[in-house]
Amino acid sequence: MRSWTAPALATPRVMALTAGTFYVAGGTAALAVVLSATFPAPGRRTSLLALALTALVCGAGLVRWGRRLTRSSFHVVVGAGTLLITVAVPLAPTTASAVALAAVYAFVAIDVVFFFATLPAAVHLTALVVAGTVALHGRADVTAGVLLALAVVGLVVTATAGALVHRASDAHHDALTGLRNRRGFDAALDAALPATRDGDLGLALLDVDHFKAVNDRQGHVAGDALLEELAVVLRRELPADAVVARFGGDEFAVLLPGRTGSAALDLLDTVRAHTAVGWSAGVAGRVAGESGTDLVRRADAALHAAKLAGRGRCRLDDGDSLELAADLEQALAAGDVEAWLQPVVEPATGRVVGAEALARWTHPSRGPVRPDRFVAVAETTGLVVALGAAVLASACRGAHLLAAAHGPDLLLTVNVSGREIVADGWVERTVATVREEGWPLDQFVVEVTESVVDASSPAALDALRRLRATGAAVAIDDFGTGWSSFSRLDTLPADYLKLDHAFTAAITTSQRRTALLQALLSLSSSLGLLVVAEGVETPEQADLLAELGCPLAQGYLFARPAPAADLAAAAQAGGAACRTERV
């Protein structure tokens, strides 16, 4: 299938260097004839000299500036080369010199098989044969045998060059999917950088969600079929100028010339919504002066952030990350990042029994910065440990205010990321901060996403186990967005399961979801796990949770996230109960 397409090696830069070199070689050959042969008419020498100089100048120009040409422009370059040779051959003073100049057609034939797909290459080669026959026609000593010999030599040279070019091109393609491989993508990226303006080049890295589980459960044949299916979808749904590659394993790369990072993100989001295969993506748009390596690195960081955020999403690194990271570092040093709290209640009574801490930051000029934005920046720039420490300390202080309104047995939950957990000394720092802020460790819960558990990082799981040994508890957040950890509920170092918003939203509209929730509550109770239903927004949801015996819930129906002081003041003004029951 690839033999019908232009070889991957034929980038505008390589095409310009190759064609320019052959033009110079052909001009030099013509110049040698001019300087060494005796011409019967001076005018023929002058004409051939002019053609030789034209070829030399054009060749030098192609080598110097030809990379700026479009791929289609090289049809004109090759056609002009054929024309120059066809005009030059009849000007040769002898049959030997004419045949020597006709041999330059081989340079054009090599260009043809190197530059073009099969159909246009065949057209150019046919034109070469006709042009060579016309150019040598009329010379009495050029017999049909001589023409046949020249044709055979040209054919062999062309076929050999074509085979070598396509074999080398295959080294740029992935055998399973037919897409470019890492080498082919790097070549396309190198060619695209000088041909696009800064900001008009988007790059995305894609990673199939839960691919390892597919291989483990269904076998590598199923995994290969899934990768082939995704390759077909990407080729079909992405624009014709997109460069799609398989980097290896379950990772793909997409290069989108002429698109900003935001435009690339919108396009990838649209494609993902129409794809049955689940995948996450990190997207980056090129910034001024950025190298291809740096662009790939930022896309990779955005992909990592997307997976940590729960998979099944696209995340953009828009080039503003470094500036935002500097602002975030200053905000952390100044104490401007704080924790807001969202109450956790008993759905049967509505009583506040706990609170989840959520990071909030208001920039002096940007205004409120979305948590997923600055948390992702912290993840990719090494600020996540400092961010986690600041949010934890603020959460503990706020929890004291809320406990004054709702009772001393308040439960405090704080989110942490996978990178934070595996950082050296995380358990010790966390325990020390909680104790310094005077919050009881047995009323402290760390929340980790299901994706962190799914990654099964030995270091992360060990850290969670050591934290639990201090008296603190662990909650699996966003439970229900994945499916790998359900079968391992009995082995997870966890005390709470927090049902994802999307799971809770369907409990009153889907009988199957209701039955699944009931089974999960029963299973969790048997395993000693407490379930927290997140995203409760309607009284019907709260009533059903209470009826099914769900112990804990949170959501906009009960309270939105707010500063602890505001929540405490509202509770006291509303006459909220001052006593809570320990859960």
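Helices (H or I, at least four residues) and strands (E, at least two) are DSSP runs, numbered from the N terminus. The legends below describe a predicted model, in which local features need pLDDT of at least 70, side-chain atom pairs count only at pLDDT 80 or more, and totals for chains, interfaces and linings use all residues. Residues are numbered from 1 along each chain as its sequence is written, and side-chain values use heavy atoms, with hydrogens and water left out.

View A. Strand β5 covers residues 314–317 and includes Leu316. This leucine counts as buried, at 16% relative accessibility; buried means under 20% relative accessible area, exposed over 50%, and partly exposed in between (1.4 Å probe, protein chains only). Contact means heavy atoms within 4.5 Å. When neighbours within four places in sequence are left aside, Leu316 is in contact with Gly261, Ser262, Leu265, Val283, Ala284 and Ala302. Ala284 is 32 residues from Leu316 along the chain, and their C-alpha atoms are separated by 5.8 Å.

**View B. Strand β10 and its two pairings.** Why is strand β10 described as largely enclosed by the rest of the structure? Six of the six residues of this strand (residues 444–449) are buried, so it is largely enclosed. Phe444, Val446 and Val448 point one way from β10, whereas Val445, Glu447 and Thr449 point the other way. Two strands pair if DSSP finds at least two bridges between them. Strand β9 (residues 411–415) runs parallel to β10 and is joined to it by four bridges; here Asn415 stands opposite Glu447. Strand β11 (residues 473–479) also runs parallel to β10, with five bridges joining the two, and Ala473 of β11 stands opposite Val445.

**View C. Thr275 in a loop.** Thr275 is found between α11 (261–273) and β4 (279–285). At 11% relative accessibility, Thr275 counts as buried. Apart from neighbours within four places in sequence, Thr275 is in contact with Leu230 and Val233. The C-alpha atoms of Thr275 and Glu229 are separated by 9.5 Å, and these residues are 46 apart along the chain.

View D. Most residues other than glycine have a negative phi. His210 is not a glycine, yet has a positive phi of about 60°. This histidine lies in the loop between β1 (201–208) and α9 (211–218) and counts as buried, at 15% relative accessibility. Within helix α14 itself (residues 371–381), Phe374, Ala376, Val377, Ala378 and Glu379 are buried.

**View E. A nonpolar surface patch.** Leu148, Val152 and Val156 make a nonpolar surface patch of about 270 Å². Patches are made of residues with over 30% relative accessible area and no salt bridge; like charges are joined within 9 Å, and nonpolar side chains (Val, Leu, Ile, Met, Phe, Trp, Tyr) within 5 Å. A salt bridge is a side-chain nitrogen of Lys or Arg within 4 Å of a carboxyl oxygen of Asp or Glu. Accessible areas come from the Shrake-Rupley method with a 1.4 Å probe, and for residues only the protein chains shown count as cover. Leu148 lies in helix α7 (residues 144–170) and counts as exposed, at 55% relative accessibility.
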